[in-house]
Each structure stands twice: as structure tokens, then as C-alpha cells.
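Subject: Structure handover

Hello,

Here is the structure we talked about. Please open it and keep it beside you while you read the notes below.

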2 protein chains.
Amino acid sequence: MKSKSNTRSTPSKTNVTMRDVAAAASVSLGTVSRVANKHPSVKPLVRARVEAAIAATGWQPNVVAQSMRTATTKAIGCLLPDSRNPLFAAMVKGAEEVARRYGYAFILANSNGEIEHEIELLKLLLQRRVDGLLFAPSDEYDARMIRLIESTHVPIVLVEREFPEKCDHVVSNQCNGIHQAAEYLLSLGHRRIALITGASSIRPGRERFKGFVQAHEAAGLPIDQKLLRLDSLDAAYGYQEVQSLMSMETPPTAIILGGNMMLAGALRALTLKGVQVPQDVSIIAVGDTDLAELASPPITTVRWDLEDMGRNAAQVLLARMQGSALKSSQTHCITIPTEIVLRRSCRAQRD
Amino acid sequence: MKSKSNTRSTPSKTNVTMRDVAAAASVSLGTVSRVANKHPSVKPLVRARVEAAIAATGWQPNVVAQSMRTATTKAIGCLLPDSRNPLFAAMVKGAEEVARRYGYAFILANSNGEIEHEIELLKLLLQRRVDGLLFAPSDEYDARMIRLIESTHVPIVLVEREFPEKCDHVVSNQCNGIHQAAEYLLSLGHRRIALITGASSIRPGRERFKGFVQAHEAAGLPIDQKLLRLDSLDAAYGYQEVQSLMSMETPPTAIILGGNMMLAGALRALTLKGVQVPQDVSIIAVGDTDLAELASPPITTVRWDLEDMGRNAAQVLLARMQGSALKSSQTHCITIPTEIVLRRSCRAQRD
DNA sequence: CTGTTAGCGCATTCAG
DNA sequence: CTGAATGCGCTAACAG
């Protein structure tokens with residue numbers, strides 16, 4: 001029973017629709033749609049009239065209606081453990097930037113690494129009909145989640161994770177990064193190198209361990225299993241394990257911190273125990289942060305371009321969304337190179 | 001020309017709709033809608049039948065259609081300069097958390113502090129019909145933007161920004177934080193204290209300056225205008241101005257870094273110039289980061305709860321979205337308290 | 001080149 | 001308590 005008689009030009013009213021524009025320009029709905037979508041087949045005069053009407057009424061397309069009609073939301077989802085993690089934060093920034101450039105909204109969701117929560121959020125995102133998904137699952141082997149993502153038809157690009165042969169992904173070359181780090185330490189004469197990193201249930205944990213092993217094998221040197229701490233990527237884990245390592249009868253002479261949140265924890269532990277870097281122990285961290293650069297001494301790190309990773313992930317996703325899944329049934333993978341940045345946290349070691 | 005003849009129960013087909021469920025349960029559309037929305041007025045038996053049909057068909061509500069129908073998207077937008085900034089990153093995390101808890105999607109957009117871009121993004125978000133907006137404009141005085149946000153009917157909550165009397169906002173108490181910092185330095189005997197912070201076009205710049213002035217006034221002490229560097233919050237600005245300050249004929253004996261990205265830049269400059277903290281200059285930073293805690297020496301900072309700020313912002317927004325703007329025409333403001341955390345970057349000063 | 005028409009999937013009247 | 005009908009705003013197919 002509301003005023004349907006909008007023949008009057010009351011520009012104060014809430015929602016202007018295409019219908020209003022059509023009336024104002026004395027054309028039909030279809031014509032307005034055509035000029036809005038830049039169809040070439042509209043006579044210049046009519047086009048001008050419609051454009052004027054659009055300006056006059058202040059009409060803006062209703063994206064929801066468009067989504068309804070086209071079955072496409074122009075939105076991509078991004079589901080990861082914690083967007084505060086500088087690693088993910090930079091990635092998010094890069095990905096959001098390219099998504100935006102292509103007209104896509106960017107829906108962010110944090111799983112906190114809780115698998116139940118993650119599955120819930122995944123469902124929610126799919127329910128929202130996102131056109132594509134950037135995803136860093138907390139556990140690559142969780143059966144429920146694998147089933148879920150296999151059963152969906154929405155393009156998914158994994159970030160720092162992989163389901164081989166099943167899913168596009170973009171990852172950094174952690175294997176090589178840790179390989180280089182270990183090789184460097186080995187070349188400095190270290191023979192008792194500890195590795196602290198995450199479990200093998202996600203790719204970074206596996207790859208870092210692999211690189212570590214490879215470097216030792218290449219040098220023909222053994223690994224002391226007691227020096228391996230492979231359970232978590234948290235700062236707290238770094239704190240705890242560094243303490244534990246430095247309390248050993250024969251402590252390591254070098255530690256690789258395989259997780260970018262770990263350095264803070266490690267530094268706290270080192271300070272607490274009065275351990276000097278690099279005199280008492282050499283340190284290499286993964287992830288090149290302000291803290292690493294400005295700590296005393298500055299910490300040698302493995303670095304790679306996080307924003308670029310985000311941009312690449314978004315680009316692969318957009319490409320997949322275009323190419324209608326028919327061709328290129330091959331999965332598309334991108335590996336971001338890592339490099340080691342040498343600072344003053346490692347010293348030569350003579351046994 | 002696709003198969004419209006979905007009379008067959010082919011469960012592999014793409015989009016299950018309420019209509020399919022209705023058919024499977026031999027009820028009408030309306031009834032399915034009622035059980036989906038938990039309307040009490042459905043006979044238990046029928047309800048059970050429908051629920052079974054939902055499970056069998058795997059139906060999930062189409063959020064887009066719901067939005068279309070209800071003119072509500074269950075989405076909130078978040079527009080800020082840079083989500084990588086740890087300050088905003090934490091805020092985003094907190095806000096996303098409560099938005100999600102209330103069933104809202106969280107659409108993130110970064111303006112990079114570019115005002116044109118920001119206006120563009122603001123329009124885009126509104127066009128997407130977000131139900132509410134968390135916003136940290138790059139310039140509180142830009143006329144176009146003010147007009148834009150005044151003309152919209154979407155609830156907006158400003159974060160670390162304000163349009164007095166016009167908009168809800170949640171901010172941290174930077175005035176008090178810097179007041180305390182300056183007061184502390186003054187009590188230590190410092191008489192030449194520099195302040196590096198952002199311009200007065202956004203609230204943090206104004207408030208920090210205000211606190212700085214208040215502290216000096218309360219002590220009956222003058223401020224040397226040459227010690228005021230009030231143009232930017234960037235790390236690069238911190239780098240540049242610290243160098244400039246320490247090159248003065250009579251350099252300051254203490255510097256307040258009024259921006260949470262600034263410490264890294266300042267530390268670089270100090271290292272470069274071989275200035276010792278706190279022997280040569282005392283330092284207080286805003287924003288309590290790992291870097292501040294773990295630098296040598298550890299840096300005294302002004303801290304506040306960022307995630308809590310985000311959670312509060314989201315809560316105020318949700319409240320505003322509920323209370324249909326009629327009542328509480330008063331704007332709702334929340335101020336997050338700050339505290340100073342004393343570390344070893346400040347020393348007593350005798351002139 | 002332009003007008004008309006038919007839904008997209010759902011929530012919500014209004015009858016029965 | 002349940003079924004039928006209507007329309008949210010738009011795009012695309014089809015006529016003219």
C-alpha cells in the first residue's frame with residue numbers, strides 16, 4: 001500500500017530501481033539494462049538520455065539482484081587460520097588488491113586453526129555462493145573437509161597447502177628455504193642443528209623437514225632425532241622448545257625456527273636463559289620481519305614475497321573461474337621462490 | 001535447452017532449490033520456508049518430513065535469494081587503509097569474529113590511504129548493499145566523503161576516527177596515552193621532548209598532539225615547535241624525522257613515536273646514526289609489538305587492546321543495525337583505555 | 001535498435 | 001496449520 005505512484009520526481013526516496021530510470025528516460029527496462037552493461041547496440045541519443053536519467057535519479061545497480069539473475073556473486077572468499085599472522089596479513093593484502101581490481105568483493109574468514117569451525121565457515125562461504133575461494137586449511141588430511149571441497153564445484157585455490165592432483169595451489173618454496181638454511185649452517189661447521197616447525201599435516205611442516213633432511217643427506221651428515229621438534233608453528237611452541245633444547249646435556253649449536261611467529265617466542269626463551277646469539281647458539285628464522293631485522297643481533301632469515309603470493313593466488317583463482325573448468329583439467333601450481341638473507345645471528349662453529 | 005525435466009530424482013544435479021525439497025516432501029514451498037526459518041506453526045509430523053527431505057536432497061538456502069527477498073545481505077563491510085598494519089590486523093580479527101558469530105559475512109577492503117580509491121570502494125561496498133560498515137577514513141575532512149557517508153542510510157561505525165555528532169565511533173584514548181608518556185618523560189627530567197605523529201586530519205594525530213600539549217601545560221613547561229613532526233604515520237617518516245631530529249644542533253633528549261609503524265623506522269635511523277638508547281636519547285613508542293618488547297633495549301610503549309577495539313566496533317555496529325535508527329539518535333561512542341608499559345628505553349635526564 | 005516478457009530462489013501475504 | 005500467489009531488481013531471450 002506504499003506509494004507506488006512514483007510519477008513525481010521525488011529524489012529523496014530510498015531505493016531507485018532501473019524501472020525508475022526507465023520511466024525518467026521514457027524507455028524500457030531492457031534499454032536501461034543495455035546502457036548499464038555497455039551493450040554497443042544502443043543509439044547514441046537514447047544512450048545519452050538514459051545516462052542522464054541515471055545521473056538524475058542517482059540509480060546504482062543492485063548487486064544482489066544481479067547476483068540473483070546471473071547466478072554469480074562477484075565475490076571470493078578467503079578462509080585461513082589467522083589474518084593477524086603477518087604472513088597471512090600480507091597475503092590477504094595482495095589477494096584483496098587483485099580481487100578488487102577485477103571487481104570482486106573479498107570475504108574474509110578466520111578459522112583459528114579449529115577444524116570444526118573451519119568446516120562450518122567453509123559451508124557458510126559456499127552457501128553465500130562465492131564465485132571462488134582462497135583457502136588455507138588447518139589440516140590437509142581431514143576427511144570431512146576433503147570430501148567437502150571435492151564435492152563443491154566452486155573453484156578453490158589453496159595457499160601454502162596442497163591436495164596433489166586435486167586442487168590448484170600457490171605455495172612458497174619452504175623446502176628450498178630450509179635446505180639453504182641448513183646447508184649454510186652445515187658449511188659454517190655446525191653438526192648439531194635443531195629444527196622447530198609444524199606437524200606434517202600441513203605442507204610447510206613437511207617441506208621444511210624435507211629440506212632439512214635433504215641438506216644433511218647432501219652433506220652426508222646424520223640428523224639427531226632429539227633435535228627435531230615438529231609439532232606446532234606457534235610462538236609459544238618456539239618459546240618452549242628453545243628452552244627445552246638449550247637445557248639438553250648436549251644442546252644444539254644452531255636452531256632453525258621454521259615458523260614465522262616463532263622468533264618472538266625463541267628470543268624470549270633465549271633472553272630468559274641468558275643464551276647469547278650467536279656466541280652460544282646460531283639462529284635462523286623463517287619469515288623476514290622487522291623483529292628479525294632489528295633484533296640484536298639481526299637475525300638471518302628465509303624470506304619470500306608474501307604479497308606476491310597473495311596476488312598470485314588471486315590470479316590463479318580468477319583464471320580458474322574464467323576457464324570454465326573444462327579445459328585445463330590439470331591443476332595449476334605456482335611456487336614462490338625463497339631466499340636466505342644473511343645477518344649476524346650465525347657464527348662459524350668448530351667442534 | 002538444458003534438462004528442465006527434473007522429475008527424475010537425479011541427486012547429482014547442481015542447484016537444489018526449495019521447490020525440489022517441497023516436491024520431495026509433498027508439501028508446498030511455503031511450508032518448506034517455514035521449517036527452514038523455524039516458524040513454530042508447523043505440525044511436527046510435517047516438519048519431520050520436510051527435514052528429512054532437506055537432508056535427502058542436500059538443500060541449502062540460497063543466501064542471495066534471501067538477500068533479494070529481505071533486502072538485507074547479512075554482510076558488513078570493513079574499509080581501512082591497510083589491513084597489514086598490525087593495529088588494523090588485530091582489529092579486523094576481533095571484528096570479524098563477532099560479525100561471524102552473529103551470522104554476518106565480513107567484506108574487507110583496503111584503501112591504501114588513497115582518498116579517491118577510498119571513495120570508490122565506499123561506493124562499491126554500498127552498492128553491494130552491506131548491512132553495515134566499519135570504516136577508518138584516511139581523511140576526516142574530505143568533503144566528498146563526508147557527503148557520501150551522510151547521504152547513506154547504512155549504519156556506519158568509525159574506527160579510530162570521528163565525525164562528532166554524526167557517526168558512532170570506537171577509538172582508543174591516544175590523548176591520555178601520549179599525555180602519560182610525556183608526563184613520564186617530564187618527570188624523568190626531560191625538557192626537550194620530540195613528538196613524531198600523523199597530521200591533524202585524522203583523530204590519532206589530533207589526540208596525540210593534544211595529550212602532548214596537555215602534559216606540558218600541566219607541568220607549566222614550554223614546547224619547542226622545532227621538535228614537533230606532525231605529518232605522517234609511516235615507518236619511513238619515523239626514519240626520516242628521527243634522523244632529522246638527531247642532527248639538530250640541540251637534539252631532543254627524548255622522542256615519542258606516535259604511530260605504531262614508526263618504531264622500525266626509528267630504530268633503523270638510530271642504528272644508522274649510532275645513537276644509543278637510552279644513553280643518548282629516550283624513546284617511547286605507541287603500539288606494543290614484539291619488536292618493542294624484544295628490541296635492545298626493550299622499548300617503553302603505550303598499549304591498548306586492539307582486538308577488543310575490533311570486537312567493540314562490530315558490536316556497536318550490530319547494535320545500531322538492530323535499533324532501527326529511530327531511537328538512540330544519539331551517537332554511540334566507545335573509548336578504549338590505553339596504558340603505558342615501562343621498559344628500559346627511557347632514562348632520567350639532568351640538564 | 002528497442003520493447004516485452006519470463007524467471008533467478010526465496011519470504012510473505014492471503015485464503016482456505 | 002498449510003497451499004497458492006506475489007514480487008524483490010535485474011538480465012537475457014525473443015519479438016517487433
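Two strands count as paired if DSSP finds at least two bridges between them. Strands (E, at least two residues) and helices (H or I, at least four) are DSSP runs, numbered from the N terminus. This is a predicted model, in which local features need pLDDT of at least 70 and side-chain atom pairs count only at pLDDT 80 or more, while totals for chains, interfaces and linings use all residues. Residues are numbered from 1 along each chain as its sequence is written, and chains are lettered from A and ligands numbered from 1 in the order in which they are written.

The sheet. In chain B, 6 strands make an open, mixed sheet in the order β7-β6-β8-β9-β10-β12. β7 (228-229) and β12 (339-341) of chain B are at its edges with a single partner strand each, so one side of each has no neighbour in the sheet. Strands β6 (193-197) and β8 (254-258) of chain B run parallel and are joined by 5 bridges. B:Ile196 is opposite B:Leu257 in β8(B).

The DNA. Around DNA strand C there are 26 residues (C-beta atom, placed from the backbone, within 6 Å of the strand). Among the closest are A:Lys43 and B:Asn62. The biggest contributor to this surface is α4(B), with 5 residues.

The two chains. Their contact (C-beta atoms, placed from the backbone, within 7 Å) takes 35 residues from chain A and 35 residues from chain B. On the side of chain A, α5(A) supplies the largest share, 7 residues.

Regards

How values were computed. Two residues are in contact if their C-beta atoms, placed from the backbone, lie within 7 Å.
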